[in-house]
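Hi,

Here is the model I said I'd pass along.

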Amino acid sequence: MEKNNNKAVIKYNRWGYIFLIPFVVTYVIFQLIPLCSTIYNSFFENYRSGLTQIGPNFVGLENYKALLGGGELLGYLKNTLIMWVLGFVPQIFFSLLLGAWFSDPALRLKCQRFFKTVIYLPNLIMASAFAMLFFTLFSDTGPVNDILIGLGIIHQPYQFMIHVGSVRGLVAFMNFIMWFGNTTILLLAGMLGIDSSLYEAAEVDGASATQIFYRITLPLLKPILLYVMVTSLIGGLQMFDVPQILTNGNGDPMRSAMTMIMYLNKHLYSKNYGMGGALSVLLFFVTGVLSIIIFKTMNQPEKEAK
Amino acid sequence: MDTMNYKASRGMNIHARRIISYVVLVILTVLCLIWFYILMINATRSHGEMTRGFTPFPSTHLIENLHNVMHGTLPIAAGMRNSIFVSVCCAILCTYFSTMTAYAVHVYDFKLKKFMATFILAVMMIPGQVTALGFLRLIDRIGMDDSLTPLIIPSIASPIVYFYMKQYMESNLPSSLIEAARIDGSNEFKTFNWICVPLMKPAIAVQAIFTFVSTWNNYFTPALVLHTDTKKTLPVLIAQLRSADFLKFDMGQVYAMIAFSIFPVIVVYLLLSKYIVGGVTAGGVKG
């Protein structure tokens, strides 16, 4: 009897493999093979110079040396990080603030659903269309300049697209607007998950709202805060659509808004497979290392507490 | 007396805090919506009207602008068709096969189960851009360059959607149901299609919406894969609009075209916002 049962279970369990076939086949063909091919390509010199095809010749680590030695890449990494930080700081600030307000039973905010719906909306907008919209709105003859002149704040159009600060600021601002709703909703879920008896005890002890926020909410929210930070940083390193469309792919003024993925896109577009491959591999490692570092720092204090 | 004072100050505090929070919320609401408001207004105005400066009231040229967009140099109608086709196919394939993958790992017990579960989690964070180079070379070699197929098929393997489905299954798919189906003589494939998928409907709906929207918005891969104008999706056409000599364009058309690619998503969102906002917290959607 038992043997029979076992056989039947094994027969069923074969289906586990069968149901995995679509995922595994697709993953191997469209992700794993491309990943290996990308790494493989990074060791070759393979590009077009005018009409002549150069390579593919094996060059070892030359592509990596050229990338890291050129200084160009580090500049683009710096641009990416600057724009990410400029967008992330207000994002996390307002998300924490709104999360604390929405979850505070004493405040009893009305129209919560309306506000949540509105702040999440920009997250779903096509980033390329949103960037195009900002480009038209902030162009020299665009409505923003019209309005600012109409209000008497400035006397002639401010050229948003030729100043380093304003271009980076616009990119960061768009990222902030597009992502703070998402972050708010994630943090709010974390805050609502905190045991309410902790808050009641604190209130009985006469703690103020600020004290409760810093002493109870924030420490208990650490795991989810770090999750938000990791995913946002990884997303930030992939920043592409907004600066690409806003600056028409060249990252001007003076390449100050050129991100790493825009640089990669340039290599892919011009079919420079060697450099593109090396850049992809570097991005792969940076993403991996960053997530490991942050996940580790996130786990350490918990272990000490134990 | 002391306690009364204390209570009064606390009451004032709450009142003041409530006012501050409403003010901040309203400012943020305005910051989120004003761009779309200006877009909506300007999409209804003609080029001539816009050169005379901004007014906060709509005009009467919306139909004219849309007509011009439809008959302009960029094949926007084809772009809309392509975008809808790719997004719908991705939403269906991605949710169905991710549910199937999650089902395999959740229900069955086989040798490689643990390895598969860890493997999928580990590769979840790999950004698609990193493999783009190999991906482009591959589709070049197998003759899929400049077609919509390579934008659709890869969505079958989506670790993030798999993860969401697996978590949903853990709390919503009792194994007794599957055993009961087996006793009744249903084969495994039928059990999956007629017992599991209907039970997973809420999760499938949420993920279908997210997959649809992210595919609709995707710009990086389509821009590298598609070369023929009539095969391009909306984001690629928008980018083309940006690289064209901007000042020669009829601004009414530019705004109408942006509105054309943004407002369908806004309408869908407003209709389904209840499920979408709930769905964000339920699973690990990229933040």
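**Notes on chains A and B**

In helix α10(B), the buried residues are Glu188(B), Thr191(B), Phe192(B) and Cys196(B). Buried here means 20 or more other C-beta atoms within 10 Å of the residue's own, exposed means 12 or fewer, and partly exposed is in between, with C-beta atoms placed from the backbone. Looking down the axis of α10(B), the buried residues fall within an arc of 95 degrees, so they line one face of the helix; the arc is taken over the directions from the helix axis to the C-beta atoms. Turned away from that buried side is a face with the exposed residues Lys190(B), Trp194(B) and Pro198(B).

Before going on, some housekeeping. This is a predicted model, so local features need pLDDT of at least 70 and side-chain atom pairs count only at pLDDT 80 or more, while totals for chains, interfaces and linings use all residues. Residues are numbered from 1 along each chain as its sequence is written, and chains are lettered from A and ligands numbered from 1 in the order in which they are written. Helices (H or I, at least four residues) and strands (E, at least two) are DSSP runs, numbered from the N terminus.

Ala181(B) is partly exposed, because 18 other C-beta atoms lie within 10 Å. Beyond its neighbours within four places in sequence, Ala181(B) is in contact (C-beta atoms, placed from the backbone, within 7 Å) with Ser186(B), Thr191(B) and Ile195(B). Thr191(B) is also one of the buried residues of α10(B).

Now the interface: 69 residues of chain B are in contact with 76 residues of chain A. The biggest giver on the chain B side is α1(B), with 14 residues. By class, that side has 47 nonpolar, 14 polar and eight charged residues. Ala, Val, Leu, Ile, Met, Phe, Trp, Tyr, Cys and Pro count as nonpolar, Asp, Glu, Lys and Arg as charged, and the others, Gly among them, as polar.

Over in chain A, strands β1 (residues 44–49) and β2 (residues 52–58) run antiparallel and are joined by five bridges; strands pair if DSSP finds at least two bridges between them. Ser49(A) has Thr52(A) as its bridge partner. The two strands make a hairpin with two residues between them, and Gly50(A) in the turn has a positive phi of about 65 degrees.

Cheers

Notes
Two residues are in contact if their C-beta atoms, placed from the backbone, lie within 7 Å.
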